[in-house]
Amino acid sequence: MAKKTLPIRDVFSSKFGVIAAAAGSAVGLGNIWKFPYIAGVYGGAAFLFVYLGFIALIGLPVMLSEFTIGRKSRSNVFGAFKNLAPGSPWKLVGMLGVAAAAMILAFYGVVAGWSIDYVVKAVSGNFAAKSPGELESMFTNFIETPLTPILYQIFFMILTMGIVIIGVKDGIEKYAKFLMPILIVIIIILNIRAVTLEGAAEGLRFLFYPDFSKLTADGVLSALGHAFFSLSLGMGTLVTYGSYIGDDNNLAVTAVQVTIADTLIAILAGIAIFPAVFAFGIEPSSGPGLVFITLPNVFQQMPGGYFFSILFFLLLTVAALTSSISILEVVVAYFREELKIKRNLSTVLATVLIGIIGVFCSLSMGMLKEYTTFGLNFFDLLDWISANLLLPLGGLFISLFVGWYLGRKKIEAELAKGAGVVSWLLSVFIFLVKFIAPGAIAIVFLHGLGFFNFG
Ligand code: PHE
């Protein structure tokens with residue numbers, strides 16, 4: 001009897017679908033929740049500029065590398081390295097990615113749960129007539145309660161699981177395609193309100209007028225980590241998505257478009273938030289609650305604020321969802337293709353596993369907050385290890401793999417599918433992944449971890 005043919009893998013159905021899914025992965029809580037909060041912690045504009053530098057010099061080439069690896073291997077992140085470099089330890093990079101995915105989704109689901117709770121709060125008109133101080137304690141009290149945040153986190157994880165079970169084309173692509181554009185419109189409306197607040201100028205100054213003397217080694221490492229986190233890089237998300245991209249797609253153009261979209265939305269989120277932070281006298285470095293505390297103040301001050309607050313937190317949840325499915329998909333694709341577990345069972349298993357870790361993240365905000373490692377609670381620890389350690393490390397190996405292992409001929413062959421390759425651009429790309437990206441990552445890394453000091 002003839003051997004059974006391989007199961008046909010999903011492929012995105014259109015070019016717009018590819019962009020929507022990849023941008024949907026990139027744009028998420030990272031842009032709207034995390035970027036403003038860490039930019040606030042690390043001094044604003046100086047952090048932003050370093051972050052932008054990392055996006056261009058490291059993020060973009062690593063993104064193109066991930067797409068290349070993914071489409072060339074047509075495999076999950078572990079299988080990708082196994083296929084392209086058989087019998088070598090490169091597949092460990094894939095393992096690293098699967099581990100990072102599990103860690104990230106654990107705390108990501110918690111924050112997405114907060115966002116769902118804020119939809120409910122918005123609907124019940126909970127922000128009205130509250131002072132900035134009251135809005136702040138409303139947030140802190142909420143994340144410290146043991147049960148409610150966990151219920152919302154579980155609800156969010158179930159949503160994520162549902163979409164991943166439906167599959168790439170009908171689940172991931174379909175939802176991303178119409179929800180992302182709505183989000184952009186609402187952020188722009190928020191921008192208009194924020195910059196017309198009294199005292200807005202100071203916030204814009206904080207975001208755009210750099211004082212590099214405020215920058216610390218830790219801040220630079222966080223900017224690097226966040227460039228990876230925000231672009232969904234370093235753990236194989238875009239290797240996995242790349243494996244679903246058709247051969248007619250121009251990978252380089254896709255990478256540029258996704259990078260620009262992601263960066264713009266982070267900046268727009270900053271413009272929505274910092275003017276308001278200063279206008280309402282909120283501490284820019286107040287941490288993970290920044291967005292949840294600041295924006296309700298803005299909604300109070302705008303016509304239709306009730307309506308916009310609901311829409312905003314709804315779309316924040318959706319943006320989180322188009323990212324969380326891409327994170328879960330990394331683990332699921334691995335379970336399915338490497339451990340040969342059926343798609344649905346893989347998805348349920350991965351969700352339950354990650355959901356349980358997430359419960360501890362949530363509890364570490366309140367009940368378990370005394371338990372710290374290096375001064376970080378469990379939530380912050382997972383965030384720090386994954387974003388500042390595992391993703392840059394993954395990015396380092398991914399760029400080395402493409403630059404040194406694959407080499408020019410194979411890269412060119414892959415990139416030439418669906419595109420004409422411009423020789424000097426290819427040379428620039430190869431130079432970046434061979435030397436600049438890995439070099440810069442290594443330096444920032446060792447410096448940030450305190451192995452040496454520029455003084
Ligand atoms: N990029 C997503 C965001 O900004 C988070 C993410 C990180 C997604 C890593 C996939 C991989 O919200």
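## A buried ligand and a few residues worth a look

At 0% relative accessibility, Thr294 counts as buried (buried is under 20% relative accessible area, exposed is over 50%, and partly exposed is in between, using a 1.4 Å probe and protein chains only). Thr294 belongs to helix α13, residues 290–300 (helices are DSSP runs of H or I with at least four residues, strands are runs of E with at least two, and both are numbered from the N terminus). A polar atom of the Thr294 side chain lies 2.6 Å from the backbone oxygen of Leu290. That pair is a polar contact, meaning N or O atoms within 3.5 Å; within protein, one must be able to donate a hydrogen and the other to accept it, and residues adjacent in sequence count only if both atoms are side-chain atoms.

A quick word on where this comes from. This is a predicted model, in which local features need pLDDT of at least 70 and side-chain atom pairs count only at pLDDT 80 or more, while totals for chains, interfaces and linings use all residues. Residues are numbered from 1 along each chain as its sequence is written, and side-chain values use heavy atoms, with hydrogens and water left out.

**Around the ligand**

So where does the ligand sit? The ligand is in the largest cavity. A cavity here is a set of points on a 1 Å grid over the protein atoms alone where a 1.4 Å probe fits but cannot get out, and a molecule sits in one if more than half of its atoms lie within 2 Å of its grid points. The elements giving two or more residues to the shell are α1 (15–26), α2 (29–41), α10 (217–230) and α14 (305–337).

In total, 15 residues surround the ligand, and the closest are Ala26, Gly30, Tyr108, Phe229 and Ser232 (a residue is near if one of its heavy atoms lies within 4 Å). By type, the shell divides into six nonpolar, nine polar and no charged residues. In that count, Ala, Val, Leu, Ile, Met, Phe, Trp, Tyr, Cys and Pro are nonpolar, Asp, Glu, Lys and Arg are charged, and the others, Gly among them, are polar.

| Residue | Protein atom | Ligand atom | Distance |
|---|---|---|---|
| Ser25 | polar backbone atom | nitrogen | 3.3 Å |
| Asn31 | polar side-chain atom | oxygen | 3.3 Å |
| Tyr108 | polar side-chain atom | oxygen | 2.4 Å |

Taken alone, the ligand exposes 320 Å², and the protein buries 100% of that (areas come from the Shrake-Rupley method with a 1.4 Å probe; for residues, only the protein chains shown count as cover).

Ser75 is buried at 5% relative accessible area, and its side chain reaches the backbone nitrogen of Ala80 at 3.5 Å. Arg74 is partly exposed at 27%, and its phi is near 45 degrees, a positive value in a residue other than glycine.

Lys340 also has a positive phi, near 55 degrees. Lys340 lies in the loop between α14 and α15 (343–363) and is exposed, with a relative accessible area of 66%.

**Across the chain**

Thr237, in helix α11 (residues 237–242), is buried at 2%. Thr237 and Val330 are 93 residues apart along the chain, yet their C-alpha atoms are separated by 5.8 Å.

Key
On a 1 Å grid over the protein atoms alone, a cavity is a set of points where a 1.4 Å probe fits but cannot get out, and a pocket is an open set with protein on both sides within 12 Å along at least five of seven lines; lining residues have an atom within 4 Å of a point.
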